[in-house]
Every structure is written in structure tokens, then in C-alpha cells.
Amino acid sequence: MIQEKHSGKRGFFGSPANIVLVGFLAIGGYFLLAEYGAHMIPFLPWRLLLACPLMHLFMHHGHHGTDHQANPGDHGDHKEGAT
């Protein structure tokens, strides 16, 4: 019979201190999200209205202010024959 030797290394959850740490992090995360939500939900409509101009500002970065009417044959990223 061959006996297997354990190297003494345990996983992350092998230590009671790590299990307690994960428990405290889970409880703290729950309360953080619960309190954050209680304070931010009244401002949700205003955040959605603010998102519109911000998306307009940041989503048009690919246009680079070029005049698309200057080159009528240029269709940008569209390939010939594609629908």
C-alpha cells in the first residue's frame, strides 16, 4: 500500500478565517447595495435624462466632424452591394 502525502496546502475555504472574511464581505456588500439603492432610486429619472446628452456626446466620436455630402460616392463603412 502506498500512502499519499499531503503537502499541507489547503484551498481558500480551508481556513476558518477566510470563511468568516467571505461572510463579512457578503453582508457588507448587501448593505452597501441596499443603502445605495435607497438613496439613488429617487434620482433615477434625472440620471436617465442625463444619459441622453452624454450618450450623444460620446457615441458620435467616430464621425470626426467630416462633411458626408462632400464625397457622395463614399458611403463610409457600407460595402458595395450590401443591404
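**The nonpolar patch in its setting**

A: The secondary structure of the protein comes to two helices and zero strands; helices (H or I, at least four residues) and strands (E, at least two) are DSSP runs, numbered from the N terminus. This is a predicted model, in which local features need pLDDT of at least 70 and side-chain atom pairs count only at pLDDT 80 or more, while totals for chains, interfaces and linings use all residues. Residues are numbered from 1 along each chain as its sequence is written, and side-chain values use heavy atoms, with hydrogens and water left out.

The patch consists of Phe12, Phe13, Ile19, Leu21, Val22 and Leu25, which together have about 590 Å² of accessible area. Such areas come from the Shrake-Rupley method with a 1.4 Å probe, and for residues only the protein chains shown count as cover.

Leu21 lies in helix α1 (residues 16–40) and is partly exposed because its relative accessibility is 43%. The term falls between buried, under 20% relative accessible area, and exposed, over 50% (1.4 Å probe, protein chains only). Phe12 is also partly exposed, at 45%, whereas Phe13, at 55%, is exposed.

The protein has two aromatic pairs. Phe12 and Phe13 form an edge-to-face pair, because their ring centres are 5.3 Å apart and their planes stand at 85°. Rings of Phe, Tyr and Trp (its six-membered ring) pair if their centres lie within 6.5 Å; planes under 30 degrees apart count as stacked, over 60 as edge-to-face and the rest as tilted. Tyr30 and Phe31 are likewise edge-to-face, with centres 5.3 Å apart and planes at 65°.

Across the protein, 1% of the 83 residues count as buried.

Terms used:
Patch = residues over 30% accessible without salt bridge, like charges linked within 9 Å, V, L, I, M, F, W, Y side chains within 5 Å. Salt bridge = Lys/Arg side-chain N within 4 Å of Asp/Glu carboxyl O.
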